[in-house]
Amino acid sequence: MSMPPAPPSQRRAFSTIFLIELWERFGYSGMASLLVLFMVQKEGFGDQQANLIWGAFTALVYTAPTIGGWIGDKVLGTRRTVPIGAGILALGYLLLSIVGDGSYPLYCAMGVIVVGNGLFKPNAANMVRRIYEGEDAKIDSAFTLYYMAVNVGSTMSILLAPWIKDRFGWHAAFAICCGGLLLGLINYLVMLRSVDGIGSPADEQPIRWNRLALVLIGAVATVGVVAFVIQHREVAMTGIFIAGIVILAIFAYMIKTGARHERAGMLIALILVVETWLFFIFYQQMSTSLTLFALRNVDWNQNLFGMHVFTWSAAQYQALNPIWIMLLSPLLAWTYRHFGKRGRDLPIAGKFAIGFAVVAIGFLIFGTSGASAVDGKVSSWFMVWGYGFYSLGELLVGALGLAMISRYVPLRMSGFMMGAYFVAVAISQYLGSVVANYASIPENISDPLASLAIYTSLFNNLGLLAIAATVLAVVLLPLTKRLSATTVRCVSDQPSQT
């Protein structure tokens with residue numbers, strides 16, 4: 001049965017958020033596709049340093065929304081915080097486009113991006129939820145389209161920004177990221193009336209200028225902290241270690257103090273968070289080892305049946321991830337509905353197991369590509385198909401992480417656990433960069449045959465690790481099934497509230 005069209009006010013409000021999210025992803029993904037290569041090729045960083053800086057940066061990018069969401073909800077208002085975050089992000093990309101040689105200005109620009117992302121991401125998503133609050137069918141559809149905006153914006157910029165870089169230089173490419181986001185910001189401000197009445201309670205109060213000043217002062221201080229953390233590996237590692245202990249302690253406390261009917265669900269959530277933690281180590285290879293592999297050991301000419309079709313550069317291969325996600329998402333959604341109607345839908349734990357299996361296939365494709373290399377260069381088709389399986393794994397594991405929190409964590413704990421989940425993902429981002437360094441190429445090696453052996457060894461080992469994760473997920477399936485049944489039984493045993 002088709003869903004009735006949303007009222008014009010809902011459609012206009014959603015369009016406003018959809019477009020600024022699209023352009024925000026345009027800016028971030030374009031920057032992300034280039035930054036590791038910029039550090040290696042332009043700034044002269046070694047692979048190890050560039051990978052670890054990227055890992056620390058992305059870990060902070062994932063952590064920042066836990067604070068930014070609170071600022072939007074309680075301090076400034078969701079509707080106001082979105083354009084502030086977008087403006088700060090645009091400033092970060094602008095700074096990248098003008099920084100000269102020297103690492104500290106680069107670290108400060110990255111700090112500005114962390115602050116902007118922290119203010120923008122949770123509040124834009126929260127506005128979508130508020131537009132369709134109380135309408136479950138519409139909100140599922142809205143977030144599907146919202147996720148599409150993420151991938152459309154990412155694909156556009158990952159293809160365009162490296163092309164701009166090759167023809168006009170690094171700084172022009174980062175300027176394009178800034179320009180795209182400014183378009184989205186201008187559109188948001190022009191259409192601001194379409195989101196009147198949508199936001200947090202703080203939006204309905206007059207602007208508290210002292211609060212805004214404190215937020216901006218805190219943002220400046222945070223930029224300095226981020227720049228310090230990024231350039232000090234020991235500080236980053238210590239922070240990751242402490243964060244990991246804190247998350248496990250939070251789970252242990254909540255399992256111990258939760259009601260009887262809540263404990264089984266929390267145990268399932270803990271198991272699946274650990275599996276998600278592992279998945280994002282694989283995910284982090286896209287911007288690190290896989291991109292550097294594409295730089296040094298992939299034939300950029302895309303040929304089909306002996307005919308040249310097009311040529312990509314190393315950074316553009318990251319666009320395969322959002323392209324595959326857009327192709328596979330509708331097929332996967334149909335599959336879920338098809339088996340769900342017959343009462344045969346797999347539990348999330350089962351989908352995680354399949355997800356790790358296809359991730360293993362993807363990395364083994366990358367790993368075995370070296371067998372057919374010519375002069376140290378492998379066919380780009382290995383990248384196409386490897387990314388295909390890798391992206392399917394993302395849909396089965398990474399994309400279901402938040403659904404897992406919503407399903408198994410009690411409602412009264414869900415907000416807090418969402419934040420803990422993102423911190424767990426942040427830890428994985430840094431650990432993924434540490435793993436990528438097992439394929440860091442020494443500066444004295446320029447022979448593609450030598451680097452090919454190093455990269456394919458890492459990818460084969462990651463494939464084996466994904467197989468081990470698959471086996472572990474399958475072994476844990478009976479336990480998660482029993483825990484899930486316990487959760488349902490205990491909830492049904494609770495007295496109804498009248």
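Buried means under 20% relative accessible area, exposed means over 50%, and partly exposed lies in between (1.4 Å probe, protein chains only). This is a predicted model, in which local features need pLDDT of at least 70, side-chain atom pairs count only at pLDDT 80 or more, and totals for chains, interfaces and linings use all residues. Residues are numbered from 1 along each chain as its sequence is written, and side-chain values use heavy atoms, with hydrogens and water left out.

**Exercise 1. The whole protein**

Task: State how many helices and strands the protein has, and what share of its residues is buried.

Solution. Start with the elements. Helices (H or I, at least four residues) and strands (E, at least two) are DSSP runs, numbered from the N terminus. The protein has 17 helices and 2 strands. Next, take burial. Of the 498 residues, 53% count as buried. Then look at contacts, meaning heavy atoms within 4.5 Å. Among contacts between residues at least 6 apart in sequence, 83% join residues at least 24 apart.

**Exercise 2. Salt bridges**

Solution. Use the cut-off: a salt bridge is a side-chain nitrogen of Lys or Arg within 4 Å of a carboxyl oxygen of Asp or Glu. The whole structure holds 7 salt bridges.

Step 1. Arg25 is buried at 12% relative accessibility. Glu21 is buried at 0%.

Step 2. Lys121 is partly exposed, because its relative accessible area is 22%. Glu24 is buried at 0%.

Step 3. Asp166 is partly exposed at 42%. Lys165 is buried at 18%.

Step 4. Look for shared partners. Salt bridges that share partners join Glu21, Glu24, Arg25 and Lys121 into one network.

**Exercise 3. Thr78**

Task: Decide whether Thr78 is buried or exposed, and list what it touches.

Solution. Thr78 is in helix α4 (residues 78-98). Its relative accessible area is 0%, so Thr78 is buried. Now leave out residues up to four places away in sequence: Thr78 touches Gly72, Asp73, Asn123, Asn126, Met127, Arg130, Gly199, Ser200 and Asp203.

**Exercise 4. Two helices**

Task: Describe how α2 and α8 cross.

Solution. Two packed helices are described by the angle and the distance between their axes. Axes are lines fitted to C-alpha atoms, for helices over the stretch in contact, and angles run from 0 to 180 degrees between N-to-C directions. The axes of α2 (residues 47-63) and α8 (residues 209-231) come within 9 Å and cross at roughly 145°. Now name the residues. Ile53, Ala56, Phe57 and Leu60 in α2 meet Val226, Val229 and Ile230 in α8.

**Exercise 5. The strand pair**

Task: Say which way β1 and β2 run, and find the partner of Leu304.

Solution. Two strands pair if DSSP finds at least two bridges between them. Here 4 bridges join β1 (residues 301-304) to β2 (residues 307-311), and the strands run antiparallel. Leu304 has Met307 in β2 as its bridge partner. The hairpin has 2 residues between the strands, and Phe305 takes a positive phi near 55°.
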